[in-house]
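Please look over the model shown here before reading on.

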Amino acid sequence: MEQNPYIPITMKLIKNLCETEDKLVNTFTLQFLNKEDEENFKYMPGQFAELSAYGHGEAPFGIATSPTEPGIIKFSVAKVGCVSNALHLMEEGTMVGVRGPMGNYYPMETFKGKNLVIIGGGFAFTTLRSMAVYMLDEKHRADYGDITVIYGARNPGLLLYKEELAEWEANPKINLITTIDRPAEGWNKHVGFIPTIVGEVAPSAVDTYAVVCGPPVMIKYTLPVLEKLGFTPEQIYTSLEMRMKCGLGICGRCNIGPKYVCKDGPVFSMAQLKELPSEY
Amino acid sequence: MNSIIDDIRKTARQLLTEGKVDVVIGYEKGSLPLKATPCFVRSPQDVDKLIWDQTCENNLAAFVAKTLGKKAIIAKGCDSRALMVLIQENQVVRDDLYIIGVSCQGVIDQRKIEAETGEIIGASITDEKISVQGMECDKEYSFTDVKDVTCQTCRYPNPVLEDVHIGGSIEVPEQATLFADVIDMENKSDNERKAYFKEQMSKCIRCYACRNVCPLCYCQECFVDCNSPKWLTGGVDSAENLLFQTGRALHLAGRCVECGACSRACPQGVDIRALSRKVNKDVKEMYNHESGLTEEVKPALNVYSTDDPEAFLVKE
Amino acid sequence: MKISKEKFGQAFDALVAEYQIIAPVITDGDVNYKAVKSFSEVKQNYLNSKLPPKSFLFPQHEKLLSYKKEGKDVTVKNELKVEKTILFGIRPCDAKSMLLLDKVFKNDEYRDPYYYERRDNSIIIGIACNKIAPTCFCSSMGISPASSKGSDIFLVDLGNSYHVEIITEKGKALTAGLQELAELTAEEQALVNTIKSAETPSKVDVSTITAKLDKMFDHPYWDTLHEKCLSCNACSFSCPTCHCFDISEEVHKNEGSRVRTWDGCMAPLFTLHGSGHNPRDKKKARWRQRMLHKFNYFVHNNGDIACVGCGRCIKSCPVNMDIRQAIDGVNKAELVVD
């Protein structure tokens, strides 16, 4: 019988880690229970999945791991609603449901042979991490040119994946720039809002793609900076948030014009978004 | 009737021309026979579309809080009572509101007509007669035959709050028994009542037309939409529907102005009014309160006094 | 060919053992589709049902799965249950709507098993409209009051008998055993011809609406269209093509189920993000969505307009929003030339 796209696979929560000092973002590490489930869950950076906290409901979250990290998938989730609250409180070892992978992904094929500048703000860094890890993998690193990551948060304690960021700082294969909104004690890196920092440190637009994820206001002010640097709408990608339920392009709520963010997105180029109504 | 329409238009024109209001909320002819529809007139040139007759069934007070700017509103007795409660509950700024009061002889119950004539193809209203051309048959009615059930027991056809009054006023006949319909319901056995509400509630499709048409259902987040805690599921069985409808009726206790808009709005013909009437009777008996009659008397459950009856707290 | 209602009724009753038969009946004064056990229960000479028959393919409330939690473990059970069903007495507008729903519940990647298992196990017996309501405008929507599109078997009511047309293989299989089919008399043939050539008196022009709406997202037309709308879902829930749904959880202690329920784009909560942001928080945006979805987005995605002209939304609207007027308004709106 064909797969029923509404029935989740069961996965085990093996780690429930608090990421940020405000305790609002946790990273959940889920383990596949068998090889078959893992094989059916072939994904790419930028895709998302519907995560079930049984007893509370289901909600969509971007996959924070890269397909180059076998056996597990991770989600970094902010505590905002019923499902995310339940997940935050969940004990390690609990079984959860996962439907996916869903949606499209960052065009890793198109990016081949090009430089990448990855721009992220706050907890919207999850699928960007997936992409960076994917490209850093030894099988893929040679496919891409320079990789620049510009990642900002309000303060140092709100940056996700702090240990990994420290590793990247020491890694010559990736150029990491972190920034915080206001000066903080012990912080000796960049200070300033993402758009400003992008203007200061972003590489040339020649042979480069930019991928931007973050709060709407950050995206709004970063895009003109990128344009000024010479990035065309075709060279800029983003991943959109939308209220979703089915994740299958059926239930009807996540559309922007005729496109469903859950199925036709969540990744869009700015060129594609310019063709759509500005209703997101 | 025609002179009332003329006066409404004249008043609206004057208010708009003098810039006293930005918009006049009134009624225009609808797309279906015997159906008026709310309209928003913003220019003196458009005032001639305003109408007034027994098809003006919506309670326009429902639109006031959502309409920006200074507004004039055509208000029947029940509409004006709803405005009064909205003002008492700080939902509407009195100074932004110009109330054009019109006494109301009641509105037509279309469902009653359609039950006999089939779908209405055409209709005309003269002073005392309503001539209907239906899919099944043509028929003539006198207005009292097809007056909406809410209007049959209306005791406040004249606006209680207004800046100008148009037309004459209507004399209210003394009713021998108030709430005769509720008493009938109370006299039924538990099982009969249960069966009645089960049947009625099984028709509800939870479209929330009743809630959204109600001028006093203005909560930013209705309890049915709240998900933590979740009071109701998305289920549409009669038990869940009854929970929604009783929850709503109780939230309107001491506030409902008996305009009947909820029952008329229901596309499924659910007898929503049976619940609100019972609550209104209880409030009247316990607190001697009727909502929205004077500015001074606040909705019964919005105020506290030490001699409030507590019959509902202690089972006697 | 025709069959007498008496013989038809016998064949109908014989199918009750094998099929769930859904047919128009009178409930509390209204015509609605319900499961029946005998042809004698079926309402004759009705205009159309109050609510569309879509709920038999896409129920207002349905369990997708159930689960049981024990400690940290969970067991999940698929709740898809399907009965072989005959949908009898389906009007042409509703039969067409099922063809449109077919496009929604299957796309290039996914097929909705809950809808499709029901759909594949259903046989549609359509029936021509002998009477046309003033709110009907199906003739503008690519069908007519006697269109057999979407039906497996199509009937014309001739009073004491039905004119029968077998439209699909499914229909053929169901009627294989039917004996006693007779030729129409000349008089009956004339009646069939009259019914078949009828058009709805009420019409709208949708010939250019999709192309026009391509250019109208920012048009001032939307500023006032929505004004009297109450944001209820009376229109969406009575629409045979509206299909938006919600998925939620119903929990009792350590057991629960995941259910889907009808939802609609008129409700402000429909698009509310967890963050509090809402891309369609204004009624204006929601009415624009309704119009664009039906007459533009759906056409781009599925090649047809998502309205069948049944007129139910017009009848059910508490404030008399009339989609025919909304369509006319689009046709009349002046485009700003840039």
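Predicted model: local features only at pLDDT ≥ 70, side-chain atom pairs only at ≥ 80, totals over all residues.

## Chain C as a whole

Chain C holds 11 helices and 11 strands, and 47% of its 338 residues count as buried. If one takes the contacts in chain C between residues at least 6 apart in sequence, 70% of them join residues that are at least 24 apart.

## An open sheet in chain C

Seen strand by strand, chain C contains an open sheet of 7 strands in the order S1-S9-S8-S7-S6-S2-S3, and the pairing within this sheet is mixed. The edges are held by strand S1 (2-4) and strand S3 (30-36) of chain C, each of which has a single partner strand, so one side of each is left without a neighbour in the sheet. On average, and with direction ignored, neighbouring strands of this sheet are turned by 30 degrees against each other.

Helix H1 (residues 5-15) of chain C packs on the sheet, where it touches S1, strand S2 (20-27), strand S6 (85-90) and strand S9 (161-166) of chain C. The direction of helix H1 of chain C makes about 85 degrees with that of S1(C).

## How the strands pair

Strands of a sheet pair through backbone hydrogen bonds, and this pairing is either parallel or antiparallel. Strand S7 (residues 122-127) and strand S8 (residues 153-157) of chain C run parallel and are joined by 3 bridges, and here C:Ile125 stands opposite C:Ile153 in S8(C). S2(C) and S6(C) also pair in the parallel sense, over 3 bridges.

In which sense do S2(C) and S3(C) run, parallel or antiparallel? They run antiparallel, and 7 bridges join them. In the hairpin of S2(C) and S3(C), which has 2 residues between the strands, C:Asp28 takes a positive phi near 50 degrees.

## Where the chains meet

Chain C is in contact with chain A, and this contact takes 35 residues from chain A and 41 residues from chain C. On the side of chain A that touches chain C, the elements giving two or more residues are strand S4 (57-62) and strand S6 (95-102) of chain A. By class, this side of chain A has 14 nonpolar, 13 polar and 8 charged residues.

Chain C is also in contact with chain B, with 30 residues of chain C meeting 28 residues of chain B. Helix H8 (234-238), strand S10 (245-252) and strand S11 (255-262) of chain C are the elements that give two or more residues to the side of chain C that touches chain B. The residues of this side of chain C divide into 11 nonpolar, 11 polar and 8 charged.

## A loop and the domains of chain B

B:Gly19 lies in the loop between helix H1 (2-17) and strand S1 (23-29) of chain B. Is B:Gly19 buried or exposed? B:Gly19 is exposed, because 8 other C-beta atoms lie within 10 Å. B:Gly19 and B:Pro38 are 19 residues apart in sequence, while their C-alpha atoms are 21 Å apart in space.

The domain assignment of chain B gives domain 1 (1-106 + 154-168), domain 2 (110-146) and domain 3 (176-304). The centres of domain 2 and domain 3 of chain B, taken over C-alpha atoms, are separated by 29 Å.

Definitions and conventions:
Residues numbered from 1 in each chain as written. Chains lettered and ligands numbered in written order. Contact = placed C-beta atoms within 7 Å. Helix = DSSP H or I, 4+ residues; strand = E, 2+ residues; numbered from the N terminus. Nonpolar A, V, L, I, M, F, W, Y, C, P; charged D, E, K, R; others polar. Buried ≥ 20, exposed ≤ 12 C-beta atoms within 10 Å, placed from the backbone. Domains from an automatic or database assignment. Pairing = 2+ DSSP bridges. Axes fitted to C-alpha atoms, helices over the stretch in contact; angles between N-to-C directions.
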